[in-house]
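Please look at the sequence and the 3D view below before reading on.

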Amino acid sequence: MQVVPIMADLFAEGKQPEVLFWVGCAGSFDQRAQMVTKAFVKILNKVGVSFAILGPEESCTGDPARRSGNEFLFQMQAAMNIEVLNMYEVKRIVTTCPHCFNTLKNEYPELGGNYEVIHHTTFLQELINDGKLKLKEGGDFKGKRISYHDSCYLGRANEIYEAPRKVLELLDAELVEMKRCRTKGLCCGAGGAQMFKEEEDGTLRVNQERTKDVIESKADYIAVACPFCSTMLGDGIKEKEKQEEIKVLDIAEMLEKLM
Amino acid sequence: MIQQILFILVLAGLGWFAYQRYSEIWQNIKRGKDLAIEGDSGVRMKNMILLAFGQKKMFKNFIPAIFHFFIYAAFMVTQIELIEIFVDGIFGVHRFFAPYLGAFYTFIISFIEILSLLALVATFVFLARRNLLKVPRLTMNEMNGWPKLDGNLILYGELFLVACIFTMNGTDTVLQKIDPAHYPSTGFLAISGWLGPALFGGLGEGTLKILERIGWWGHILGVFGFIAYLPFSKHLHILLAFPNAYFSSLESKGKMRNMPEIAAEVKLMMDPNAPIPEEDPNAGPVSFGANDVDGLSWKNLLDAYACTECGRCTANCPANQTGKELSPRAIMMKTRDRMEDLSKFEKAGGNKEEGDGKALLGDYITKEEINACTTCNACVEECPVSINPLSIITELRRYTILDAADSPEEWNLMFGNVENNGAVWQFNPQDRAKWVEELEEGS
């Protein structure tokens, strides 16, 4: 039985969770990203983390509005969300989306929203380091090649390169890097609100370019930490009809399989 | 005596010319909006020392970095020798410091000679990279014409300067033996000590004296020419890299500049009782974001002048690599071109208030370019001197949407979803936690 407390219910009972899980639009509505949300919740429940979600009171952080230039809409979203978060006296937020992470962490403080914001890869690494999350030996990934795709908003934007890799090192698999990685990691093509429009004219789509690196890495699994990277790379791999050989999985999904 | 007068005249001419041009650039940068510089100045100083002085980011790419370092080191250290050239030129003396400094003088000049030789090697390597190997980022279409010529001219200039240094020192070495009263001993110089006699050994005294003067004048005129040329060229980076690294943002690259003017409006909408901010009666029409250089910050404009068109940003841009129109380097070059054109227009008597009827957005940078950006920060990460092309792109996007209401149709749909449904897609906000039911059903 999985428990997913809603913030409003806890608050009514006078309870305060240790951490708020910010699910994000993709994690809430996108079928593929929902799988990551569910996997992460299963980990939280297994470890016994005291958490809650906002549920219907959560709203888009405004990231795609801001990146595309619509500052007005961004500020509206930010003001609404900050009002809700402050009302519930939220101190600590964990999120599975690097875009929500970046906005909540870096852009809300100036507007009156001050929280400790953690991306789920860092959160999972901490759970493992503290011995709270124990992984089974072997499993699906034993001896397989795994390559981690850096999300721009985790990597360059927030300089989180190591936490996801540290988690993957525990999988008893062979970690390989794509030719463009870490600070030189190539974008999946979704950022800056590109996810929500056709790309401008060019010779290739950005995810097709990145898929070349994916195939070249000869990895069995591409580990991702962002729902949009997951969609973009999944699409690129499908287009090359490699979806049977190369699986795209979020780091939370990988860990959940080994619990 | 004639040489002294000539030297002082050339120096004064250069000073006047350089003053005009450098103030023009200063005025151009001041077209930008104010930008508060926040954060620890110690950290800023450290950034400047590591990035500009220490060239930290250059060394991510070792081969060009090491050759670039040779030229850079030779340039920095040669400045010491210029002190003597100035003293000699103004007072009509010859190698003024040689007798006083003795062995130390030999060491300094030898050090300069070795660095000059390394710089010479580097110059040939760079000419080859630009013209024979045709390194892609140095030979893309946007580099055609003046940018390409500019890149090569400076390398030819370096060849000229090094040739003059060795002619000057080489002939001097030989003359010291013939006429020690007028040519004080420099000691055995690391390169001219043997190169001088080898090249100029058999020549007559008169020829040697003329060649020595050609070397000396060639060198100093080359340096003066360089100072005068610099502010018309991408090579201005040798000066502006320093302030640029110092003033670059200390915040996460993911954070976009806040627009407090909009935050205030939103506050008013959400809380009708909030105090209405006092309006400045002198303020002009309100414009959001930027469609021209005066809407950008002065740091954006300093960035444009600090850019040396190396193209590391563009080579790593996902949009550019997949054939889109966007090139972060071109964004910087066009921003600089816009300032230069405005400045030319005003100098020619154009009305500053009315402007020339053109704008950065539309006439220089197209919507297609800015709409291709994924805000991935690869360009910002790559720039060795902390230029931020992304900041210009997002300010132009802000204008396109907030002021011109001219956004791609699909973005308008997304805006509508966020506004009405609180999500980027059209789902019922009440269903935001619907996945929980599926989770409990065990899927």
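## Surface of chain A

Chain A exposes about 9700 Å², of which carbon and sulfur atoms supply 49%, where accessible areas come from the Shrake-Rupley method with a 1.4 Å probe and, for residues, only the protein chains shown count as cover. This is a predicted model, in which local features need pLDDT of at least 70 and side-chain atom pairs count only at pLDDT 80 or more, while totals for chains, interfaces and linings use all residues. Residues are numbered from 1 along each chain as its sequence is written, chains are lettered from A and ligands numbered from 1 in the order in which they are written, and side-chain values use heavy atoms, with hydrogens and water left out.

## Overall build

Chain A has 11 helices and eight strands, which are DSSP runs (helices H or I, at least four residues; strands E, at least two) numbered from the N terminus. Along its principal axes, the C-alpha trace of chain A spans about 50 × 45 × 30 Å. Of the 259 residues of chain A, 64% count as buried (under 20% relative accessible area, with exposed meaning over 50% and partly exposed in between, for a 1.4 Å probe and protein chains only).

## Two positive phi angles

A:Glu241, found in the loop between α10 (227-239) and β8 (247-250) of chain A, has a positive phi of about 55° although it is not a glycine. A:Glu241 is exposed, with a relative accessible area of 65%.

In chain B, the loop between α19 (389-403) and α20 (409-421) holds B:Ala405, a residue other than glycine whose phi is positive, near 45°. B:Ala405 counts as exposed, at 65% relative accessibility.
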